[in-house]
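Thanks for coming, everyone. I'd like to walk you through two ligand sites today. Here is the model.

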Amino acid sequence: MVQSGRTAAVLAFLMIGAAVFSANAQSPDRPASRPASPKHGTVFQSPATQALQADDGANPAMLWVGQGETLWSAPAGPENKSCATCHADGTQSMKGIAATYPKLDPKSGQLLNLESRINQCREQHMHAPAYTYESAQLLALTAYVTIQSRGMPRQVTVDGPAAAHFERGRAFYMTRQGQLNLACAQCHDDNVGEKLRGDTISQGQTLGWPGYRLEWQTMGSLHRRLRACSLGVRAEILPFGSPDYVALELYLAWRSKDLPLESPAVRR
Ligand code: HEC
Ligand code: HEC
């Protein structure tokens, strides 16, 4: 049973690969582009999943948002500082912030996603240990900060010193990977709307993340979702927070320019 399900899934992947291969020569040189009619990932979910997301009282991700709100004012480190010590009311001070990430840190020159930005505050400003990626606390705080941008348009900077990161993300997105030899673009640009293992392939927008995935029965970061796509094509699964995934995150954020954030999303 398990075996035949697996075989069918691999066959489905291969069929997509083969169809695209014959129709469209893919290469890492394919230019950066945005979907002609941009759509949120939620549009590709079932009506039941959409309803779950739309109702804050039923959306399971709201549990993490609530935990994040508590953590926001929980003191840590030798000076007993909390996020609230410096950023006061998060519902005000964090408004619109998540929509601008990933963002270049002017001090270090590093491209930071929201998770690494939060951890930088923990380490540098609170002298408290960084949270582990995918820990309940980091997911909760990321979800809390991100919901303050819900409904606000995505706006990331990709020029100047960020340009090299953008280019790295674009190249990653366009390059065929894994045993199935598929690029992100072959699914999320060329096969949008097709069925794959019970999913409908979306445009691969990142506006709903962090989000709650029913298959995981928990909240997950965008990098967890990206790792699932890497696994899907049997490519190398990069570590959480890896510079390649953060650069990819910048490219994906640029693709969704001006679309409003919808995190915390619910996904199949
Ligand atoms: C074989 C097809 C396939 C490939 C290749 C693939 N994905 Fe996916 N991806 C999926 C499917 C199926 C889903 C789940 C349904 C959906 O939301 O599109 C998904 C979901 C996503 C999502 C979540 C979208 C949302 O709104 O929740 C993102 C982001 C994403 N993929 C990015 C990528 C990136 C980046 C790559 C390349 C590293 C990639 N995918 C490669 C099939 C693919
Ligand atoms: C001691 C003061 C202090 C504490 C405590 C602190 N921060 Fe910060 N935070 C800053 C400063 C200062 C900046 C501006 C960037 C810098 O200089 O590091 C910043 C920047 C940020 C940003 C980026 C804002 C932007 O415009 O891009 C986020 C997000 C953030 N902090 C979240 C948090 C969270 C979440 C916590 C609690 C875990 C926290 N901070 C704790 C001082 C603090």
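**Two iron sites**

Start with ligand 2: its iron atom is coordinated by His87 through NE2 and Cys121 through SG, at 2.0 to 2.3 Å. Donors here are N, O and S atoms within 2.8 Å of the metal (3.2 Å for Na, K and Ca), and water is not among the atoms, so sites may look incomplete. Histidine 87 lies in helix α4, residues 83–87, and cysteine 121 in helix α6, residues 114–125, so the pair ties together parts that are 34 residues apart in sequence. Helices are DSSP runs of H or I with at least four residues, strands are E runs of at least two, and numbering goes from the N terminus.

A word on the ground rules. This is a predicted model: local features need pLDDT of at least 70, side-chain atom pairs count only at pLDDT 80 or more, and totals for chains, interfaces and linings use all residues. Residues are numbered from 1 along each chain as its sequence is written, chains are lettered from A and ligands numbered from 1 in the order in which they are written, and side-chain values use heavy atoms, with hydrogens and water left out.

Back to the iron of ligand 2. Why is its arrangement octahedral? Because the six donor atoms subtend angles of 87 to 178°. For six donors, octahedral requires opposite donors over 155 degrees apart and all others between 65 and 115. The ideal angles for six octahedral donors are 90 or 180 degrees.

Cysteine 121 has 18%, so it counts as buried. The cut-offs: buried is under 20% relative accessible area, exposed is over 50%, and partly exposed is in between, using a 1.4 Å probe and protein chains only.

Next, the surroundings. There are 19 residues around ligand 2, and Cys83, Cys86, His87, Tyr101 and Cys121 come nearest. To be near, a residue needs a heavy atom within 4 Å. Helix α6 gives the largest share of this shell, six residues. A polar side-chain atom of tyrosine 101 is 2.6 Å from an oxygen atom of ligand 2. For arginine 117, a side-chain N or O atom lies 2.9 Å from a ligand 2 oxygen atom.

**Over to ligand 1**

His188 (NE2) and Cys229 (SG) coordinate the iron atom of ligand 1, at 2.0 to 2.2 Å. Histidine 188 is in helix α9, residues 184–188, and cysteine 229 is in helix α10, residues 222–232, so the pair ties together parts that are 41 residues apart in sequence.

Histidine 188 is at 19%, so it counts as buried. Cysteine 229 has a relative accessible area of 30%, so it is partly exposed.

Which residues come nearest to ligand 1? Of the 25 around it, they are Cys184, Cys187, His188, Cys229 and Arg267. Helix α10 supplies the largest share of the shell, four residues. At least two residues each come from α9, β4 (199–200), α10 and α11 (243–255). An oxygen atom of ligand 1 is 2.9 Å from a side-chain N or O atom of tryptophan 209. Another oxygen contact involves glutamine 205, through a polar backbone atom at 3.4 Å.

That's the tour. Over to you.

Definitions and conventions
Four donors count as tetrahedral if all angles lie between 85 and 135 degrees; four count as square planar and six as octahedral if opposite donors are over 155 degrees apart and all others between 65 and 115; anything else is irregular. A polar contact is a pair of N or O atoms within 3.5 Å; within protein, one must be able to donate a hydrogen and the other to accept it, and residues adjacent in sequence count only if both atoms are side-chain atoms.
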